[in-house]
Amino acid sequence: MNNPLETSLFDKAARFAIDAHSGTERRGKGYPYIIHPMEAASIVASITNDPEMLAATVLHDVVEDTDVTIEQIRDTFGDRVAQLVQHETAPSDKSLSWKQKKQIQLDQLASAGRDSKIVAIGDKLSNMRGVANDYALIGDKLWSRFHAPGGKKDIEWYYRGLAGALFELSETLPYQEYLRLLDNTFGPMDYETAVRVDISDYEESGGGYFATSYNHRDGLTMVKFYNADVDKSVPQTELQRAYAVMRMGLPTPTPGRFITDGTRFGAEFRRINPKESFSRYICNRPDSYEQIARRFARMCRQLHSTPCNTAAFPSEKENAIREVMQSPRFNEAEKQKVVAFINQVPDSQTCLHGDMHIGNVITTALGKDDPSTVHDFWIDLGDFRWGNPLFDLGMFYFTCSGQEAEITQQIFHLDHPMLQRVWNVFIRDYYGIDSDEEQSAIEKTIEPFAALKIIHFDTLKPMPESLVDFVRKALGLD
């Protein structure tokens with residue numbers, strides 16, 4: 001026997017929606033329109049049982065597609081339901097192009113609260129299911145049903161934009177189903193052809209060792225241009241891996257286009273604004289270092305407990321062996337000794353960032369007191385791989401202990417004493433330890449992996465002799 005449940009608000013909204021959509025067909029489907037909002041409501045019900053959100057979902061199209069006004073919704077169902085429906089309603093300004101209207105919807109949805117996003121995922125997943133099913137049946141004939149002037153290309157742009165706007169729901173099953181259907185219908189994103197952009201449309205926002213970041217003046221996107229001597233395959237790989245990371249449910253800004261300014265190649269991403277990197281956050285608020293170090297430890301534990309798609313990403317162990325064999329620093333016997341060390345590292349098919357440090361997480365925490373409104377994102381995913389977490393921990397240990405002071409200040413905006421304090425809090429929180437002896441023993445285990453990261457950077461740009469000496473000692477090459 002079913003349990004009793006208070007459904008009066010949803011029942012009222014469902015009857016209202018049935019009356020409003022009465023006699024209308026879901027375009028191209030041959031069945032009553034009301035089936036779509038009912039399906040959307042069933043999707044939302046898999047996330048929440050909030051009666052107002054369920055009511056808003058079943059009502060989400062009545063203002064856009066019928067004679068019902070938002071004022072009627074407010075008078076009948078209250079302010080909250082009306083606001084949720086309003087976020088699902090397209091602009092009515094007929095002077096706007098199709099793409100302009102869709103961009104307004106995307107921007108509105110991206111800045112909306114979580115409740116609005118949950119209502120939206122019901123609608124968008126229902127739509128995406130229909131698109132995927134129809135495409136499987138009739139192929140490219142499907143796109144003529146839409147008002148999009150660019151056909152399939154414009155539809156893909158919009159549906160991928162929705163994935164970015166709704167990313168806050170990435171942990172939910174409906175969002176993950178949406179991504180699967182998106183790729184099944186449109187295929188992987190194309191990163192083969194670079195789109196030319198005008199650099200004057202951007203403002204420089206930060207620099208790193210191999211790349212410079214810029215924000216678009218429209219506030220919607222940012223780009224990361226690699227130095228002119230960096231091969232275009234680097235930003236191509238970063239985009240591909242960022243998209244694959246997003247599909248696994250790990251937090252990262254939505255990847256966009258492969259671009260060029262005529263000299264450099266780069267990667268475009270949806271802009272997270274306002275934001276700061278964890279390292280910049282500590283620089284601006286030194287007293288926050290313990291809090292940020294613990295948040296970083298939690299993020300890393302989540303990352304290192306996430307099974308990796310080994311078909312989409314390379315092995316860190318294989319990569320480390322390749323870099324050792326390419327290194328001009330060591331003779332053949334030394335290389336074989338390092339390779340033997342790498343081969344004995346226990347295998348693990350978990351996610352690795354590959355360049356894991358506090359400069360490669362951005363946060364929206366600026367001035368926010370409510371933790372539920374704060375989001376942290378992994379960035380710079382070009383080295384994302386799978387393998388033993390010790391490889392990642394070696395990178396962060398090197399970051400906090402082995403960099404030259406000038407480079408540390410340039411990239412992380414922090415001096416060595418502060419980075420060491422961050423490391424001390426991080427490593428104890430990550431492992432759940434509280435003694436100097438335990439920390440020293442763990443660091444002894446991590447040191448060879450820090451040495452492997454130095455070998456990686458040395459193949460890109462010769463490292464100082466002091467770091468090469470550390471590599472020899474840590475890997476037993478003295």
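If a disulfide is a pair of cysteine sulfur atoms within 2.5 Å, how many disulfides does the count come to?

Modeller: The count by that rule comes to zero disulfides. This is a predicted model, in which local features need pLDDT of at least 70 and side-chain atom pairs count only at pLDDT 80 or more, while totals for chains, interfaces and linings use all residues. Residues are numbered from 1 along each chain as its sequence is written, and side-chain values use heavy atoms, with hydrogens and water left out.

Buried means under 20% relative accessible area and exposed over 50%, with partly exposed in between (1.4 Å probe, protein chains only). Cys300 is buried at a relative accessible area of 0%, and Cys400 counts as buried at 1%.

On to the helices, where helices (H or I, at least four residues) and strands (E, at least two) are DSSP runs numbered from the N terminus. In helix H14 (residues 316–326), the buried residues are Glu316, Lys317, Asn319, Ala320, Glu323 and Val324. These residues lie on the same side of H14 because they cover an arc of only 160° around the axis, the arc being that of the directions from the helix axis to the C-beta atoms. Glu318 and Gln326 are exposed, on the face of H14 turned away from the buried side. The cover over the buried residues of H14 includes helix H15 (332–343), strand E8 (350–352), strand E11 (385–387), helix H16 (389–401) and helix H19 (436–460).

Helix H2 (residues 35–45) has His36, Pro37, Ala40, Ala41, Ile43 and Val44 buried. They also span an arc of only 160° around the axis, so they sit on the same side of H2. Helices H1 (8–20), H3 (51–58), H8 (114–138) and H10 (173–186) are what the buried residues of H2 pack against, with contact meaning heavy atoms within 4.5 Å.

Two of these partners, H8 and H10, pack at an angle of about 30° with axes 9 Å apart. Axes are lines fitted to C-alpha atoms, for helices over the stretch in contact, and angles run from 0 to 180 degrees between N-to-C directions. H8 and H10 are therefore roughly parallel to each other, the term for angles under 35 degrees. Residues making the contact include Leu125 and Met128 of H8, and Tyr178 and Leu181 of H10.

Technical notes. Disulfide = S-S within 2.5 Å. Parallel < 35°, antiparallel > 145°, perpendicular 65-115°, else oblique.
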